[in-house]
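Keep the model open while you read.

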Amino acid sequence: MSQLLPRIGSPSDVRALPEEDLPRLCQELREDIISICGRVGGHLGASLGAVELIVALHRVFHSPGDALLFDVGHQTYAHKLLTGRRERMHTLRHAGGIAPFLDPKESPHDALLAGHSCTAVSAALGVLEGRRMLGHRGHVVAVLGDGGLTGGLTFEGLNNAGGGDLPLVVVLNDNQMSISANVGAIPALLRTREARGFFEGLGFTYLGPVDGHDLGALIQALREARTSSRPVVVHALTQKGKGFPPAEADTQTRGHAMGPYEWRDGKLVRSRGGQLTFSEAFASVLEDAMARDSRVVAVTPAMLEGSALNALKARFPDRVHDVGIAEQHAVTFSAGLAAAGARPVCCIYSTFLQRAYDQIIHDVCLPGLPVVFAVDRAGLVGADGATHQGTYDVSSLRALPDLHLWSPMVGEDLAPMLDTALAAPHPSVIRFPRGTLPPLPEGAGVGEVPLQGARWLLRAASPRLTLVTLGPLGIAALEAARGEPGWSVLDARRASPLDEAALLEAGRAGPVVVAEEGTTRGGLGSAVLELFAAHGVMTRVRLVGLPDAFVPHGDARVQRAELGLDAEGLRHAGRALLEGGAR
Ligand SMILES: Cc1ncc(C[n+]2csc(CCOP(=O)(O)OP(=O)(O)O)c2C)c(N)n1
């Protein structure tokens, strides 16, 4: 029997298939997803669970005339395969290749960009209202998971939609999982008879629950939703990881996201790096702190897995709080914990912390509460791409008074930084990158608690130029400075408040290169320029960092080299500055 998928160039081909071919199409989609993820890694579990749902959606709705908005977009590999991207799917998450999430620049079938959770309902309602206003036709569908129902933004959209009469279609892909098992009252409620009353109470017509792997039932429910003249929810029950035994058997995440793997002798083989990541090392020093001080608690917005907090959760079940995909709540909840005398460590990815900027200002910084933010994935993140880059934490957070912003160069810095932060009477941030720990360079001291500002990694006797760095870039700078007479290296270690004495010493000695893995717009380099301006230091300064543009998915190491954020780039920047030809 010849394969169906190679003949599907667009959703109209899905609609043209005889109904009895659809199960085979789903089977082929699963085989493709499993083999693509094996080769390049990716969001396997969520995409496997949504195969029938996506086939049914393309059967009933006519994308792109009908707009399909998937929350996050990580569950859409079947959608990508059915919308003309199959030939290129092996480039998924690679530089120049198929996007990790959804991007209208890639396909007109991706109605709106996605990557962060809980946006689908609001965005879909906006598209629907915009179309109504401008007299454009077409149905609009928001597809979201039960994880998306743990975030406030979804409810802001549901409240707005349910109070109106636009025929928004919400498809709830309920697999009872976020990345880890879903948390809170709503997932439990969804599996009771109360689900109907819950959505009806919010102003929606409720259809379901339907078996989300039963194509006939799904198609029927979606057809009914398509004819609705008012807001409607289709509640589909699905199984994450469906059809791939290793994912189905993975009780932690049902194969949510996996690195490349191979089948050998019927077994799944994954390559495992032996080295600890910054996340794992931070979780381990946090565990020590929790063991020493019963006031210390950890808070995570649905990232137990990514923040490596599973072992902590097992050891301190009552002191590790997964609060759902709710960054704003995680921050304000931490503020409350601190106000009550606990010592919260709120573990958040840089990119998701963006959601909670006002909570940091209003609920934490203004009252001066000693919340510690462990900001993970700060800097380039690689395959997750533009929506997930940790670009803006330094520039946005350094503007806030009395917030101390630390960044470790090596794993050995984590414990003194956490201890300094936990002992401080004010809020602190510890920002660290995605990736494994670099070795402590010879001769570099770690420092006594409480840590005091910057650390000289190399101090020239007759200084001509200083490389000022933040985080692991200090190691690249040391390598760059090797063999360059008169070059010093200063690890700023704290981006805010600055160690003014050390930086002024650097600026008065000669030109300064400031390198950071964050935007140069308002980042550490800008802070150094402000300091020099305030003190009349007239030296030449060059800023190296992330550009004033969104950095797409790709190999972070390659991107670093392209952006000059490695030893060679820093050597080049320093030499150019000394030659006087540089900006
Ligand atoms: C604002 C935000 N926080 C965290 C994440 C990380 N994240 C990606 S997928 C996911 C779980 C989503 O759960 P659900 O919507 O139920 O989809 P499922 O994977 O179960 O299909 C999370 C927490 C994100 N993308 N956006």
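## The parallel sheet

Start with the open sheet of 5 strands, which pair in parallel and come in the order 1-2-3-5-4. A quick word on terms: strands (E, at least two residues) and helices (H or I, at least four) are DSSP runs numbered from the N terminus, and two strands pair if DSSP finds at least two bridges between them. At the edges sit strand 1 (67-70) and strand 4 (205-211), each pairing on one side only. Neighbouring strands here are turned by 20° against each other on average, direction ignored; axes are lines fitted to C-alpha atoms (for helices, over the stretch in contact), and angles run from 0 to 180 degrees between N-to-C directions.

This is a predicted model, where local features need pLDDT of at least 70 and side-chain atom pairs count only at pLDDT 80 or more, while totals for chains, interfaces and linings use all residues. Residues are numbered from 1 along each chain as its sequence is written, and side-chain values use heavy atoms, with hydrogens and water left out.

Zoom in on strand 2 (residues 140-145) and strand 3 (residues 169-174): they run parallel and are joined by 5 bridges. Leu144 stands opposite Leu172 of strand 3. Helix 6 (residues 120-134) packs on this sheet and touches strand 1, strand 2 and strand 3, where contact means heavy atoms within 4.5 Å. The direction of helix 6 makes about 180° with that of strand 2.

## Helix 6 meets helix 7

Two packed helices are described by the angle between their axes and the distance between the axes. For helix 6 and helix 7 (residues 152-162), that's about 35°, with the axes 7 Å apart.

Helix 6 brings Val121, Ser122 and Leu125 to the contact, and helix 7 answers with Leu153, Thr154, Gly157, Leu158, Asn160 and Ala161. By class, that contact has 5 nonpolar and 4 polar residues, and no charged ones. For the classes, Ala, Val, Leu, Ile, Met, Phe, Trp, Tyr, Cys and Pro count as nonpolar, Asp, Glu, Lys and Arg as charged, and the others, Gly among them, as polar.

## Around the ligand

Which residues come nearest to the ligand? Of the 22 residues around it, they are His74, Gly147, Met177, Lys240 and Glu327; a residue is near if one of its heavy atoms lies within 4 Å. The shell as a whole splits into 8 nonpolar, 10 polar and 4 charged residues.

Now for the polar contacts, meaning pairs of N or O atoms within 3.5 Å. An N or O atom in the His74 side chain is 2.6 Å from an oxygen atom of the ligand. Asn175 has a polar side-chain atom 2.9 Å from a ligand oxygen, and a polar backbone atom of Gly148 is 3.5 Å from an oxygen of the ligand. The protein covers 98% of the 580 Å² of accessible area that the ligand has on its own, by the Shrake-Rupley method with a 1.4 Å probe.

Another open sheet has 7 strands in the order 9-8-10-11-13-12-17, and its pairing is mixed. Strand 9 (320-322) and strand 17 (494-496) are at the edges with a single partner strand each, so one side of each has no neighbour in the sheet. Neighbouring strands of this sheet are turned by 20° against each other on average, direction ignored.

Strand 12 (residues 404-406) and strand 17 run antiparallel and are joined by 2 bridges; Trp406 has Arg494 of strand 17 as its bridge partner. Helix 18 (residues 414-423) lies across strand 8 (296-300), strand 10 (343-349), strand 11 (372-376), strand 12 and strand 13 (428-431). Helix 18 runs at about 165° to strand 13.

Most residues other than glycine have a negative phi, and most peptide bonds are trans. The bond from Ser63 to Pro64 is cis, with omega near 5°, and Pro64 is in the loop between helix 4 (51-60) and strand 1. The bond from Val449 to Pro450 is cis too, with omega near -5°; Pro450 is in the loop between strand 13 and strand 14 (455-458).

As for phi, Ala308 isn't a glycine but has a positive value of about 60°, and it is in the loop between strand 8 and helix 13 (310-315). Arg377 has a positive phi near 55° and is found in the loop between strand 11 and helix 17 (393-397).

Notes: A polar contact is a pair of N or O atoms within 3.5 Å; within protein, one must be able to donate a hydrogen and the other to accept it, and residues adjacent in sequence count only if both atoms are side-chain atoms.
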